[in-house]
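Please open the model in a viewer and keep the selection tool at hand.

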Amino acid sequence: MKAKMLKLAIIVFIIILLVVSYILIKDFLEYKESSDSSIELLETVMTEEKDDEKEKEKTNIDWNKLEDINKDIIGWIKIENTNINYPILKDDDNLKYLKHSFDGKYNKNGSIFTLNDNPFQDNETIIYGHNMRSGLMFSELGKYMNEEFLNAHLNFEIYTKNANYKATIFSCYSIGVNKEENNIKLLDFQKEIEYYKKASKYSIDNIGKIEKIVKLSTCSYLNNHTTPTDQRYYIIAKLEKTN
């Protein structure tokens, strides 16, 4: 009897080991595919050239190539000196890009995406991305809870086919997603701006008049008591056209 129980325990252990190994290998392959695809896309569609007038690098994007890959690609977000350098996908209520990469293939790393009907034309555009342990997608947004990182990365760029934008961060914090929705649901745009300023972990001055904003959102594990986490990092920035 003991021998049979031991044999059964060994079989169960082997099955568990095989399942865990399969999951780990699958995760690694999806991570590698996502990482390699992003690097290949960057090399294919993005070029940098020196802008002598502004004395800095100018980013050029081949929008025709991007449209050939996927017509849902409507923009590009780039935060200097971070891993955040990705196309932005236009999603709808089926949330396809939570689990699909920019080329439409299934990948649990997902994509950077927006649900806005009129991205960057609306007063507020919200951009979503996963917080991956691998460091992909929006995983680095949590670093904005560190004041030194925030001050070193206050500005980032968003590119679209018709216009380019400079984003200047004026608020960063972590909060439950339901609480956030309740806090802002009855606010008009200007009151929403004031709410974001007060909610920020750090006070950021000299932001000037704000007419449009972009709000970056990813999962947070600060003060979390639920599975999956209901907490979110929110990084909010003033959005201004640069051309």
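How are α4 and α5 oriented to each other? The model is predicted, so local features need pLDDT of at least 70 and side-chain atom pairs count only at pLDDT 80 or more, while totals for chains, interfaces and linings use all residues. Residues are numbered from 1 along each chain as its sequence is written, and side-chain values use heavy atoms, with hydrogens and water left out.

Select residues 177-184, helix α4, and residues 189-199, helix α5. Helices (H or I, at least four residues) and strands (E, at least two) are DSSP runs, numbered from the N terminus. The two axes come within 10 Å and cross at roughly 135 degrees. Axes are lines fitted to C-alpha atoms, for helices over the stretch in contact, and angles run from 0 to 180 degrees between N-to-C directions. The helices are therefore oblique to each other: under 35 degrees counts as roughly parallel, over 145 as roughly antiparallel, 65 to 115 as roughly perpendicular and the rest as oblique.

Next, display Glu180, Asn183 and Ile184 of α4 with Glu192, Tyr195 and Tyr196 of α5, which make the contact (heavy atoms within 4.5 Å).

Now turn to the strands. Eight of them close into a barrel, ordered β3-β4-β5-β6-β9-β10-β8-β7, with mixed pairing; two strands pair if DSSP finds at least two bridges between them. The twist from one strand to the next averages 30 degrees.

Select β4 (residues 85-90) and β5 (residues 112-114): these run parallel and are joined by three bridges. Leu89 has Phe113 in β5 as its bridge partner.

Finally, return to α4, which packs on the sheet and touches β8 (164-176), β9 (213-220) and β10 (231-241).
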